[in-house]
Amino acid sequence: MQSSVELTQDLVRFNTINPPGAERACAERLASLLEGAGFAVDLVPFGDGRAQLVARIGGTTGKLPLGFTGHLDTVPLGAQSWSADPFAAEIVDGRLYGRGSSDMKSGVAAFVAACTALAGKLAGTPGVVLLITAGEETGCTGAAALAHAATPLPQVGALVVAEPTGNQAMVGHKGALWLEAVTTGVTAHGSMPEKGINAVYKAARAITALQNFDFNFARHDVLGGPTLNVGTIHGGLNINSVPDRAAIGIDIRTIPGQSHAKIRDQLTSYLGDDVVLGTLLDAQSVWTSPNDPWIGEVFRIARDVAGFADDIAAAPYFTDASVLTPAIGSPPTAIIGPGELTLAHQTDEFCFVSRIEQATEIYSRMIRHWSGI
């Protein structure tokens, strides 16, 4: 049987940079492996050359299965040259190099390896469900397609998100609300600006106002407070014309209890009639109480296998759980994976081989405990 480290190497060798994604070949490799282990697998098309997986094994009345999720797409390589081939998946000094090695093909490989190794024992147990997605790096688009498909996703009793945490268990992450604020004006020759209405000036006033926006919402004990950042501004066609359009990119990170619809309404009123808001991404925050019994078991396993204390932590990024957790019954959700959090999206990305092996053991123990095997 192929090890989780070898499977990570296989997955890294597929170029799934998004855009365009091209996850189908990688998904087919996993589908073949899972079908061979006895899983029922649905290979779900997701546009040209792209696909996602929903795989199931086991299942009993009285207790829902344990769920695992991870994505196959990766970010681009970046402008800086790599010292290692980003698709060779070479192991040097205990480090497996390649794009997606930490974020997050090692996590997918680890839970697939753990599940296939135990597949023969899962009949007659609650079993497991695997949701392997495309399009996460461009705003959880694949997960959203699964969540809103005509065929409902299977419900699970708990969900493991194998994003990079260095195998530390995390119990949530902030939400993300990305907005585009558009201002419009009237174009005119740059030598006669009084004949036009300058959309960039309107945008500048909006940006100044955004610096002082107050969410007026209590901080979360672990996640902290909500934040707002103006990330982009684009306006005008050429230097010698009055710009008649400008667009501002606003990145808002939210905490549990906040309504994204209410935030958008607040900003619409706050910025006034000169600004029209559009939503680019709406990913809800995720939070599971550290007192949840299953979360307590996750902490125990992470402590026993990887040596982590039971510190309550949250991920700085958002994940597909924003979309999937509410679509599969809002189960307790833990984020724990072998990748290095600080290496996600970096040049010369790598994952420690030891972390992949640890994660495989962590997931195996989770499955055994959940299924009673």
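## Charges and surface

This is a predicted model. Let us start with charge: the protein carries 24 positive and 36 negative side chains, and the centres of these two sets are 3 Å apart. The exposed surface comes to about 15,800 Å², with carbon and sulfur atoms supplying 51% of that area.

## Overall fold

Nine helices and 15 strands make up the secondary structure. Along the principal axes, the C-alpha atoms fill a box of roughly 75 × 45 × 40 Å.

Inside, 53% of the 373 residues count as buried. If you take contacts between residues at least 6 apart in sequence, 81% of them join residues at least 24 apart.

## Aromatic pairs

How many aromatic pairs does a search of the whole structure find? There are eight. In one of them, Tyr 97 and Phe 350 are tilted, with 5.4 Å from centre to centre and 55° between the planes. Tyr 97 belongs to strand E5 and Phe 350 to strand E15, so this pair ties together parts that are 253 residues apart in sequence.

Phe 350 is buried, at 9% relative accessible area. Its ring also pairs with that of Phe 352: the centres are 5.2 Å apart and the planes lie at 80°, so this pair is edge-to-face. Phe 352 is partly exposed at 26% relative accessibility, whereas Tyr 97 counts as buried at 15%.

Elsewhere in the list of rings, Phe 68, Phe 111 and Tyr 363 are linked by ring pairs into a cluster.

Notes: Residues numbered from 1 in each chain as written. Predicted model: local features only at pLDDT ≥ 70, side-chain atom pairs only at ≥ 80, totals over all residues. Heavy atoms only, no water. Helix = DSSP H or I, 4+ residues; strand = E, 2+ residues; numbered from the N terminus. Buried < 20%, exposed > 50% of the residue type's maximum accessible area, 1.4 Å probe, protein only. Contact = heavy atoms within 4.5 Å. Areas by Shrake-Rupley, 256 points an atom, 1.4 Å probe, with all protein chains shown as cover. Lys, Arg positive; Asp, Glu negative; His and termini not counted. Charge placed at Lys NZ, Arg CZ, Asp CG, Glu CD. Phe/Tyr/Trp six-rings, centres within 6.5 Å; stacked < 30°, edge-to-face > 60°.
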